[in-house]
Amino acid sequence: MSVSYQAVQWNPAKKSYDRRLAIAVALYLVAFVASASMFTALSPLILAMRAFGTGAMALLVLILSIGPLARFTPRMAPLLYNRRHLGVTMFLMALVHALLATVWYHGFGVLDPLASILSSGVPFTGAAQFPFQPLGLAALVILFAMAATSHDFWLRNLSPLVWKALHLGVYLAFTLLVAHVAFGALQDAVWPGYAWITVAAAAWVVGIHIAAGVKERRADLRVRALSADGWIKVGEIDEFEEGRARAAKVGAGRTVAVFRHADGFSALSGVCAHQGGPLAEGRIVDGCVTCPWHGYQYLAANGQSPPPFTERVPTYELRLEGRTLFVHPQAKPPGTPVPPCRTVGAGGQP
Amino acid sequence: MVEFLIESARGYALAGAVFALLFAWRGAAAIDPVARHATWGARALMLPGAAVLWPLLALRWWRASDPCHDGRVPGDRTERWQPSSERLRRGALVAWIVLAPLIAAVLVAALRARAGEAPPSRDAERLPAARAGAR
């Protein structure tokens, strides 16, 4: 949530997260170099290159696992919260790997190093000699575009939709990197475990994303949009948990998050103004609707972030008939106050 | 062809680097009111993105100088991007369904190449035991 831009909006949780990340990365690099040097006589530069390369790939697998896992268990939410720092760290590790590889394999010839990388594997003589380095370079370009635009300034100035679409490029980058590893390091690796780890990691990432996508799709289908006089049925009030929401489809691909809170029921857009996170999967924290992705908060009564923050989401009108709650599909402009729909009795209790 | 691409990329990056400095200094605040009080650390983090996206930003900067410009940035136009946001979320599943067979084909081809051709390993040549045996 932003009033003005800072390099990093530090808080104790982020500092702790980054400290643990730095320690984990340092431990991995030291452990890799120490263990590999026991079994091989490779130069320190090659060991460092491989340590950074494998570390970046492992971090990418972790980063790609966090989002889908968070759809299965809320325990992953703390990792999701600061995923951007993981992504930038992963890019920096991949960059060091690429620089070391460029210096070692392409830095001392007559060709320009970039030209040397792009023309490697030419002429093509078989799958084992597949030009894997241009694949790695293409992935690095995508990861650079993502890291370079990771700051909130870009999120706001590109719009969350364009920003998210750009960052979905990580799927393509992952595919390119699997090919980079499979036709590169895997062809030379003596230990067969490398092959199995690569296959297992790729299968895990693909499998968990498809499983999470199918779960989400089923949830979308379960949300029944029953209309009455242009109003859309959300559900029976007894089905709502205090501080939680139910999602309702209101047409044109729009979802409304209907929250039950101390003052009654309120309906906001189901899409967070920050990165389009699913607000209906969030909860009320400190009296505010809180996005499960990055903790952006909105007042339930008007869809506005609490001052001094400025984010806003559209609000919707609710109507209670007996014990059934209906929502009007027409969105009100972002930040429009709508009185909570109250039930009989105090505190929203029927 | 490769040299032309590389030189073009270098020219683009050089122009982007010069533009990025100007943008972080003045342009960011011109196109986004929130950036007027941005810290120097935040401005430094804008540099790589500005160097990549400089044609788009140059256009925005030019438009922002128009007196009729309303001062809103794309992120403020929630009515435009929010309806499409959920379609994008659902599109992720389609993307993985497309990528899954591609990744599987890549791995199968690579494993077959590894098993079939069994090239002498560069690692093996460097193993201490191999070196000792060679002596």
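## A salt-bridge network across two chains

In this predicted model, A:D112, B:E7 and B:R10 are joined in a network of salt bridges.

Because B:R10 and B:E7 are 3 residues apart in helix α1 of chain B, about one helical turn separates them.

## Salt bridges elsewhere

Over all chains the structure holds 10 salt bridges. One of them is formed by the side chains of A:E317 and A:K332, at 3.4 Å from N to O. That pair links distant parts of the chain, 15 residues apart, with A:E317 in the loop between β9 (315–316) and β10 (318–321) of chain A and A:K332 in the segment after β11 (324–327) of chain A. A:E317 has a relative accessibility of 36% and therefore counts as partly exposed, while A:K332 is partly exposed with a relative accessible area of 26%.

## The interface of chain A and chain B

The contact between the chains takes 75 residues from chain A and 66 residues from chain B. About 6,100 Å² is buried between chain B and chain A, and carbon and sulfur atoms give 68% of this area.

Across this interface there are 2 salt bridges, and the side chains of A:R156 and B:D32 meet in a salt bridge at 3.0 Å from N to O. Polar contacts between chain B and chain A amount to 10 residue pairs, counting those in which both residues have pLDDT 80 or more. On the side of chain B that touches chain A, the elements giving two or more residues are α1, α2 (40–52), α3, α4 (78–117), α5 (122–126) and α6 (128–134) of chain B. Of these, α4(B) provides the largest share of that side, with 28 residues.

## Aromatic pairs and a ring cluster

Aromatic pairs over all chains number 16. In one of them, the rings of A:F153 and B:F23 have centres 5.9 Å apart and planes at 65°, so the pair is edge-to-face. The pair joins two chains, because A:F153 lies in helix α7 (residues 152–158) of chain A whereas B:F23 lies in helix α1 (residues 2–31) of chain B. Both partners are enclosed: A:F153 is buried, with a relative accessible area of 0%, and B:F23 likewise counts as buried at 0% relative accessibility.

A further pair is found within chain B, where the rings of B:Y12 and B:W54 have their centres 5.4 Å apart and their planes at 40°, so the arrangement is tilted. Since B:Y12 lies in helix α1 of chain B and B:W54 in helix α3 (residues 54–64) of chain B, the pair ties together parts that are 42 residues apart in sequence. B:Y12 is partly exposed, with a relative accessible area of 36%, and B:W54 is partly exposed as well, with a relative accessible area of 23%. The residues of both pairs belong to a cluster in which ring pairs link A:Y5, A:F153, A:W154, B:Y12, B:F19, B:F23, B:W54 and B:W61.

## Charges over rings in chain B

Arginine side chains also lie over tryptophan rings in chain B. The charged end of B:R26 sits over the ring of B:W25, 4.5 Å from the ring centre, and B:R43 lies over the face of B:W40, with 5.1 Å to the ring centre.

## The surroundings of A:L140

A:L140 is placed in helix α6 (residues 132–148) of chain A, and its relative accessibility of 14% means that A:L140 counts as buried. When residues up to four places away in sequence are left out, A:L140 touches A:F91, A:A94, A:L95 and A:A98. The C-alpha atom of A:L140 is separated by 9.5 Å from that of A:L176, a residue 36 positions away along the chain.

Notes. Residues numbered from 1 in each chain as written. Chains lettered and ligands numbered in written order. Predicted model: local features only at pLDDT ≥ 70, side-chain atom pairs only at ≥ 80, totals over all residues. Heavy atoms only, no water. Phe/Tyr/Trp six-rings, centres within 6.5 Å; stacked < 30°, edge-to-face > 60°. Helix = DSSP H or I, 4+ residues; strand = E, 2+ residues; numbered from the N terminus. Buried < 20%, exposed > 50% of the residue type's maximum accessible area, 1.4 Å probe, protein only. Lys NZ or Arg CZ within 6 Å of the ring centre and 35° of its normal. Contact = heavy atoms within 4.5 Å. Buried area = accessible area lost by both parts, 1.4 Å probe. Salt bridge = Lys/Arg side-chain N within 4 Å of Asp/Glu carboxyl O. Polar contact = N/O pair within 3.5 Å; in protein donor to acceptor, adjacent residues only side chain to side chain.
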